[in-house]
Amino acid sequence: MSTATRGPSARLDPSDFLDVDSLLSDEERLIRGTVRDWVRSRVLPGIDDWFERGVFPREVATELGELGLLGMHLEGYGCAGASAVSYGLACQELEAGDSGFRSFVSVQGSLVMFPIRRYGSEEQRREWLPRLARGEAIGCFGLTEPDFGSDPGGMRTTARRRGSDWVLNGSKLWITNGGIADVAVVWARTEEGVRGFVVPTDARGFSTRDVHRKLSLRASVTSELILEDVVLPESAALPGVTGLKGPLSCLNEARYGIVWGAMGAARACYESALEYARTRVQFGRPIGSFQLTQRKLVDMLVELSKGTLLALHLGRMKDEGRIAPQHVSLGKLNNVRAALEIAREARGVLGANGITLEYPVIRHMNNLESVLTYEGTNEIHTLAIGEAITGLPAYR
Ligand SMILES: Cc1cc2nc3c(=O)[nH]c(=O)nc-3n(C[C@H](O)[C@H](O)[C@H](O)COP(=O)(O)OP(=O)(O)OC[C@H]3O[C@@H](n4cnc5c(N)ncnc54)[C@H](O)[C@@H]3O)c2cc1C
């Protein structure tokens, strides 16, 4: 490229082609760098083994707490009070390691600590938030049921009043962290509408069963929660919200993290494919020298660059208090779809090597299939955006 078209300060970093770095503050870069280093030293060396064995290394919870990543975008009670952009950057770096780690942090911070912080009593906040922030306690979020996923309003789990107590019955399925949790935020049908309950997992009548034989998000615990006459005091109910808007507001927080996280997984796939294409020789030349391969790599880079800018834009909107759930839907819809396309394309570039755990690509690709489904499927986000622009709901 001639100097006439490329100024002296322009830099073309294959991993940050549009210099998104320059749009971040020093503090944001510091947080991102800290998480990136931690992922390099603590996640990447062990992830293939954890993924293969289907385990989440529970012991990292306190390390994530020490790093200030648990409930990091919340204020007080031991939480870091970081900006939405910083939280997003942390999600991006964690998911560049593995979606299971980002899922752990999303569930703990956005699906468990967020509702306790926003809708909980002072007593609930004091009891749970500092321990959850330190990673000494692990939380899970029970909304989905075997027969009600995209349509949680149909849930069958009930909470009935008995004297001054609540009695919970029902089951929840596909619950991240369920089998390792100390506390579950469980959403149940009551006479007043859907309400949230803070359920210690050692409560009598509460049990879990892990989901096995997953081919996606294997370094993450996914479980069924079973509630059989679980008796809880009045103080276990979240006092600050009634109705589906409670759980939906939590999901909106968590899926904001996915907007960023998906780009982390995508970046890892793109970087792996780029490196491979530069070094793998076929027909006497690196495969990266073939036009067809370059087109694949460039398509990946274009989507990665757009998706990263979209995440940052949504993060700035969130920090300015201007973000609507439908904005987040657009980000989740686009970035997970783009990340999956990047992962699948990268897998192909790696040829046979692309199907092994020697490279991170197929692990990310398989993980992203879960990310596509949870926190609202593509179809549900399409319908949410469709309703926003037409004024016409089309769910039924
Ligand atoms: C690994 C993993 C972890 C999870 N963690 C949690 C968790 O921690 N807590 C929790 O509560 N849940 C969790 N979930 C559940 C997740 O949120 C649900 O799987 C998701 O909401 C979809 O529900 P479903 O699987 O029942 O699919 P369904 O709702 O049965 O949907 C099946 C298909 O039908 C489509 N569909 C449904 N309705 C419509 C419609 N109106 N128009 C067009 N298409 C439609 C969907 O988009 C999808 O493609 C997790 C799931 C996975 C896979």
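I shall speak about the ligand and its surroundings, and then about aromatic pairs.

This is a predicted model, in which local features need pLDDT of at least 70, side-chain atom pairs count only at pLDDT 80 or more, and totals for chains, interfaces and linings use all residues. Residues are numbered from 1 along each chain as its sequence is written, and side-chain values use heavy atoms, with hydrogens and water left out.

Which residues are closest to the ligand? They are Thr 144, Ser 150, Trp 174, Thr 377 and Glu 379, out of 17 residues that surround the ligand, each with a heavy atom within 4 Å of it. This shell comprises 8 nonpolar, 7 polar and 2 charged residues. Strand 3 gives the most to the shell, with 3 residues.

I turn to polar contacts, that is, pairs of N or O atoms within 3.5 Å. Ser 150 places a polar side-chain atom 2.6 Å from an oxygen atom of the ligand. For Thr 377, a polar side-chain atom likewise lies 2.6 Å from an oxygen atom of the ligand. Tyr 395 contributes a backbone N or O atom, 3.0 Å from a nitrogen atom of the ligand. Taken alone, the ligand exposes 980 Å², of which the protein buries 68%, by the Shrake-Rupley method with a 1.4 Å probe.

Finally, the whole structure holds 10 aromatic pairs, meaning rings of Phe, Tyr or Trp (its six-membered ring) with centres within 6.5 Å. Why is the pair of Trp 50 and Phe 101 called tilted? Their planes stand at 40°, with the centres 5.8 Å apart, and planes under 30 degrees apart count as stacked, over 60 as edge-to-face and the rest as tilted. This pair links distant parts of the chain, 51 residues apart: Trp 50 is in helix 2 and Phe 101 in helix 5. Helices (H or I, at least four residues) and strands (E, at least two) are DSSP runs, numbered from the N terminus.

Notes
Polar contact = N/O pair within 3.5 Å; in protein donor to acceptor, adjacent residues only side chain to side chain. Nonpolar A, V, L, I, M, F, W, Y, C, P; charged D, E, K, R; others polar.
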